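Hi,

Here is the structure I promised to pass on to you.

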Amino acid sequence: MMNTHHTPVLFNESLDLLVTSEAGKYFDGTLGFGGHSGGILQRLNENGILVATEIDTDAFDFSKKKFSDDSRVRLYNFNFSQIDVVAKIESFQFFDGIFADLGVSSFQLDNPLSGFTYRQEAKLDLRMDKTKVVSAADVINSFGEEDLADIIYNYGEEKNSRKIARKIVQRRALGKIETTTDLNKVILEITPHNYQVKTLSRVYQAFRIFVNDELNVLKSFLEKSVGLLKPGGRIVVISYHSLEDRIVKEAFKYETLECICPKEYPICRCDKERRLKILTKKPVLPSEDEISINFRSRSAKLRAAERI
Ligand SMILES: C[S@@+](CC[C@H](N)C(=O)[O-])C[C@H]1O[C@@H](n2cnc3c(N)ncnc32)[C@H](O)[C@@H]1O
C-alpha cells in the first residue's frame with residue numbers, strides 16, 4: 001500500500017491484530033496520511049466507526065479531505081494523549097481497538113518546511129504542534145551545556161553528548177544556531193566520518209523528543225488507552241526507537257501484573273488489577289521484503305495486547 005506522502009509500515013500485521021469487530025469503534029492516534037486508518041475502514045462495515053487524532057496540521061488537512069465522504073470517520077487535530085477527551089466528546093465509554101504508529105511521517109522528514117529534516121537547509125524547529133512556543137532553536141540557543149548534554153544523552157542515547165553540547169555552547173557564543181546547516185556543522189566537525197549519519201539522527205531525535213515531551217505523552221496515552229479498551233479490545237503500537245519501544249513494553253507488562261506489593265508483604269494489599277494480556281511475546285518486525293521496498297520501516301517494532 002504505497003502513498004506519495006507516507007507508506008504505512010507493518011500494514012497487514014497491525015490490522016490483523018487490531019481489528020476484531022466489523023462494527024467496532026476504533027481509535028487511530030496517529031492518523032498521518034491515513035494509511036492505517038484507511039486499512040481499518042476497509043475492515044469495518046457501515047456500522048463501524050473510526051476516530052483519529054493527528055497533531056500535524058498538514059497531515060490532518062490531507063486526511064480530512066481524503067475521508068471527507070466517509071460518515072464513519074471522526075477526525076481531531078489533537079494530541080493523541082487527549083484520547084480521553086476525544087472519547088468524552090464522542091460519548092464513547094470504550095473502543096474496540098486503539099492504534100498508534102509513533103514518530104513522524106516520511107512527508108515530515110522529507111519536507112524542509114515541516115521542520116523535521118536535517119538533510120536539507122531548514123529552520124531548527126522540530127515541534128509537532130506548531131502552536132507550541134518552544135522550538136528546538138530556542139532550546140539549543142538558551143539551555144546550559146549540562147542540560148543540552150543530558151538531552152542528547154537521555155533522548156538520543158548518544159555517547160558523545162558532552163562533547164557535542166560543549167561545541168554547541170562554543171559555537172552559539174559567535175551567533176545564534178538557527179538552521180539545520182548551523183547545527184549539522186557543529187556536530188559534523190567533531191564526528192568521525194562513518195558515524196555522521198547515526199550521530200545526526202540521534203541528536204535530532206533527542207531534541208525532537210524533548211521539544212514535544214514525546215515520552216511522557218506516550219506514557220499518558222498508553223495509561224489512558226488501557227482504561228478505554230473494551231474487554232477483548234486490542235491496543236497495537238508501532239515504535240521506531242528503543243526508548244519508545246521500552247515504554248510500550250514496560251507499560252504492557254505492568255498491566256499484566258496482578259499485584260505490585262513489595263515482596264516482603266505476606267498478603268496482597270494493593271488494588272492492582274490485571275488489565276492486559278500480551279499478544280506479541282516478541283515484537284513483530286517488518287519482513288526483509290518490506291524493508292527493501294520501504295527502508296524507513298527497518299527500525300519498526302510492533303507490540304500488541306488485549307484488554308482482559
Ligand atoms: C509514522 S506517522 C503515521 C502514519 C500513518 N499511520 C499513515 O499510515 O499515514 C506518525 C504521525 O503521527 C503524528 N503524531 C506524532 N505524535 C503525535 C501525537 N502525540 N499526537 C497526535 N499525532 C501525533 C505525526 O505528526 C505523524 O503524522
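Let's start with a term you'll need throughout: a residue is called buried when its relative accessible area is under 20%, exposed when it is over 50%, and partly exposed in between, using a 1.4 Å probe and protein chains only. Two housekeeping points come next. This is a predicted model, so to speak of local features we need pLDDT of at least 70, and side-chain atom pairs count only at pLDDT 80 or more, while totals for chains, interfaces and linings use all residues. Residues are numbered from 1 along each chain as its sequence is written, and side-chain values use heavy atoms, with hydrogens and water left out.

For N79, a side-chain N or O atom sits 2.9 Å from a nitrogen atom of the ligand. On its own the ligand would expose 600 Å², and the protein buries 97% of that. Those areas come from the Shrake-Rupley method with a 1.4 Å probe, and for residues only the protein chains shown count as cover.

**Salt bridges**

Side chains of opposite charge can pair when their charged atoms come close. We call it a salt bridge when a side-chain nitrogen of Lys or Arg is within 4 Å of a carboxyl oxygen of Asp or Glu. How many salt bridges are there in the whole structure? A search finds 19.

Take D16 and R43, whose side chains meet in one of them at 2.7 Å, N to O. D16 belongs to helix α1 (residues 11-18) and R43 to helix α2 (residues 35-43), so this pair ties together parts that are 27 residues apart in sequence. Helices (H or I, at least four residues) and strands (E, at least two) are DSSP runs, numbered from the N terminus. D16 is partly exposed at 48% relative accessible area, and R43 is partly exposed at 29%.

Another salt bridge joins the side chains of R162 and D150 (3.1 Å, N to O). Since R162 is in helix α8 (residues 161-172) and D150 in helix α7 (residues 145-156), the pair ties together parts 12 residues apart in sequence. Both ends are partly exposed: R162 at 41% and D150 at 31%.

Then there are E189 and K167, with a salt bridge of 3.2 Å, N to O. E189 lies in helix α9 (residues 180-189) and K167 in helix α8, so parts 22 residues apart in sequence are tied together. Is E189 buried or exposed? With 56% relative accessibility, E189 counts as exposed, whereas K167 is partly exposed at 23%.

**Two buried residues**

L102 sits in the loop between β4 (95-101) and α5 (106-110) and is buried, at 4% relative accessible area. Leaving aside neighbours within four places in sequence, L102 is in contact (heavy atoms within 4.5 Å) with residues including F80, L218 and Y240.

H6 comes in the segment before α1 and is buried too, at 16% relative accessibility. The H6 side chain reaches the backbone nitrogen of S106 at 3.0 Å.

**Positive phi**

Most residues other than glycine have a negative phi, and most peptide bonds are trans. S91 has a positive phi, near 55 degrees, and lies in the loop between α4 (83-89) and β4. D213 also has a positive phi, near 50 degrees, in the loop between α10 (196-212) and α11 (214-227).

Enjoy exploring!

Methods:
A polar contact is a pair of N or O atoms within 3.5 Å; within protein, one must be able to donate a hydrogen and the other to accept it, and residues adjacent in sequence count only if both atoms are side-chain atoms.
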